[in-house]
There are 2 protein chains.
Amino acid sequence: MKSSFRPTYETIQEILVDHELATLGDAYTNFIYSLFLSIRNGRPTGSKANSSMLSKALKQAGLRELMSSRMDRHGQADAAEALLVYVWLQDLTTISESVALLVKHKNVTEAFSSLLSRAKEKLNL
Amino acid sequence: MKSSFRPTYETIQEILVDHELATLGDAYTNFIYSLFLSIRNGRPTGSKANSSMLSKALKQAGLRELMSSRMDRHGQADAAEALLVYVWLQDLTTISESVALLVKHKNVTEAFSSLLSRAKEKLNL
């Protein structure tokens, strides 16, 4: 299913700046964020992960420094979303595994920073 | 993971009008719709499933008649989204299986109508 459109990259930087990947990543990230909130609230909850939180999480995960210093907050959030969906497309993680990691953290930014750090490790680029 | 917040229902009507379930269903539906478009376009694509398409799909699947005739288009789209995520939460389907069914159809409304029909069958309520 995923193999028909999955791009391949040789560096993590290529993933972080792929705008098409970020648009799919946005849908993916909102879904796992909504699952995280649903578990935390004990009832179904839908929401959008905001750019400010995602850009902070990218920085905390040590990924911000891989990008141009001129990249704005939205570009940084896009980078986080692109990376998160990419490891899922590559079958390096599952939705259940990702959400299980997120809910180990009380703070949302730390939760996503942790998920991004693990994504970077799994990619091994 | 899903069991900590998964509601249970005795009738399909209860699912169709659950607004909380619909908010999570919105995130789920946008994600599977984006995967469907990604496969069709041959490259990563993110988008939102629109209310008009979802309400038509609900009608085509024979589910509209289970709801109040006063329910507007947005309420009908919410109903479709709630049902789609509910069968996933109940482990009656997977994302891969759902997207594989969607891509069998050229027409988007027919694709979602088919997915909703199968969701109804699987629920067996």
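This is a predicted model: local features need pLDDT of at least 70, side-chain atom pairs count only at pLDDT 80 or more; totals for chains, interfaces and linings use all residues.
**View 1. Chain A on its own is built from helices.** The secondary structure of chain A comes to six helices and zero strands. If you follow the chain along its sequence, the pattern reads α-α-α-α-α-α. Its C-alpha atoms fill a box of roughly 40 × 35 × 25 Å, taken along the principal axes. How does the radius of gyration of chain A fit with that of a compact globule? For 125 residues, a compact globule would have a value near 14 Å, and chain A has 13 Å, so the two agree.

**View 2. Chains A and B are related by a turn.** Take chain A, turn it by 180 degrees with a shift of 0.0 Å along the axis, and it can be laid on chain B with an RMSD of 0.0 Å. The two copies are thus related as by a two-fold rotation axis. Keep that turn in mind for the next view.

**View 3. Here is where chain A touches chain B.** How many residues does each chain bring to the contact? Chain A gives 24 residues, and chain B gives 24 residues. On the chain A side, the elements that give two or more residues are α2 (19-41) and α5 (95-102). Helix α2(A) provides the largest share of that side, with twelve residues. Sorted by class, the side of chain A that touches chain B has twelve nonpolar, nine polar and three charged residues. Why can we say that the copies meet through the same surface? Because 100% of the interface residues of chain A are also interface residues in chain B.

View 4. Look for α4(A), residues 73-89, and α6(A), residues 108-123. Their axes come within 10 Å and cross at roughly 55 degrees. Is the crossing of α4(A) and α6(A) left-handed or right-handed? This one is left-handed. On the α4(A) side, the contact is made by A:A80, A:L83, A:L84 and A:V87. Facing them from α6(A) are A:F112, A:L115, A:L116, A:A119, A:K122 and A:L123. By class, this contact has nine nonpolar, no polar and one charged residues.

**View 5. Chain B has its own α4 and α6 contact.** In chain B, helix α4 (residues 73-89) and helix α6 (residues 108-123) pack at an angle of about 55 degrees, with their axes 10 Å apart. That makes α4(B) oblique to α6(B). The crossing of this pair is left-handed. The contact of α4(B) with α6(B) has nine nonpolar, no polar and one charged residues.

**View 6. Helix α2 crosses helix α5 in chain B.** The helices here are α2(B), residues 19-41, and α5(B), residues 95-102. Their axes come within 9 Å and cross at roughly 55 degrees. So α2(B) and α5(B) are oblique to each other. Which way does this crossing go, left-handed or right-handed? The crossing of α2(B) and α5(B) is right-handed. Helix α2(B) makes the contact with B:I32, B:L35, B:F36 and B:I39, while α5(B) uses B:I95, B:S98, B:V99 and B:L102. By class, the contact of α2(B) with α5(B) comes to seven nonpolar, one polar and no charged residues.

Conventions:
Residues are numbered from 1 along each chain as its sequence is written. Chains are lettered from A and ligands numbered from 1 in the order in which they are written. Copies are superposed by least squares on the C-alpha atoms of residues with pLDDT of at least 70 in both. Two residues are in contact if their C-beta atoms, placed from the backbone, lie within 7 Å. Axes are lines fitted to C-alpha atoms, for helices over the stretch in contact, and angles run from 0 to 180 degrees between N-to-C directions. Helices (H or I, at least four residues) and strands (E, at least two) are DSSP runs, numbered from the N terminus. Angles under 35 degrees count as roughly parallel, over 145 as roughly antiparallel, 65 to 115 as roughly perpendicular and the rest as oblique. A crossing is left-handed if the near helix is turned anticlockwise from the far one by less than a right angle, and right-handed if clockwise. Ala, Val, Leu, Ile, Met, Phe, Trp, Tyr, Cys and Pro count as nonpolar, Asp, Glu, Lys and Arg as charged, and the others, Gly among them, as polar. The radius of gyration is taken over C-alpha atoms; the globule rule is 2.2 Å times the number of residues to the power 0.38.
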